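Here is a short note for a colleague new to this entry. Please read the points alongside the model.

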Amino acid sequence: MSRHVIGQDLAARLYALEGAIDTALAEAAQLAAALPRARADAYLSAVTGQKAFDGTASAVVALTSARAHTVQVHQTLAALARRMGLDDLAIGPLDKP
């Protein structure tokens, strides 16, 4: 397998990971937004479901951390691709800053 093909495979896997984390983060944020409305709509006490609020908030924090680590991986692999002369892989298929 050539370095170019290996790089393309890694880039595709990285983009898939980035997309999955972003999707999970968006879903967790939507759940966090829905919880207080659901509690109020069900006429439940403010203390009801606090563990669910805390758990969802923790999930958002964890996913945000995972996203930051993935961005670091992206930057590291992009720099490596440039050093190896695989500049087209360092740019990727999306418009990026």
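1. Angles under 35 degrees count as roughly parallel, over 145 as roughly antiparallel, 65 to 115 as roughly perpendicular, and the rest as oblique. Helices are DSSP runs (H or I, at least four residues), numbered from the N terminus. Helix 1 (residues 3-41) and helix 2 (residues 50-83) have axes that come within 9 Å and cross at roughly 160°. The two helices are therefore roughly antiparallel. Axes here are lines fitted to C-alpha atoms over the stretch in contact, with angles from 0 to 180 degrees between N-to-C directions.

2. This is a predicted model: local features need pLDDT of at least 70, side-chain atom pairs pLDDT 80 or more, while totals for chains, interfaces and linings use all residues. Residues are numbered from 1 along each chain as its sequence is written, and side-chain values use heavy atoms, without hydrogens or water.

3. How many salt bridges does the structure hold? There are 2 (a side-chain nitrogen of Lys or Arg within 4 Å of a carboxyl oxygen of Asp or Glu). Arg13 pairs with Asp9 in a salt bridge, their closest N and O atoms 3.0 Å apart. Arg13 and Asp9 are 4 residues apart in helix 1, so about one helical turn separates them.

4. Met84 sits in the loop between helix 2 and helix 3 (87-91).
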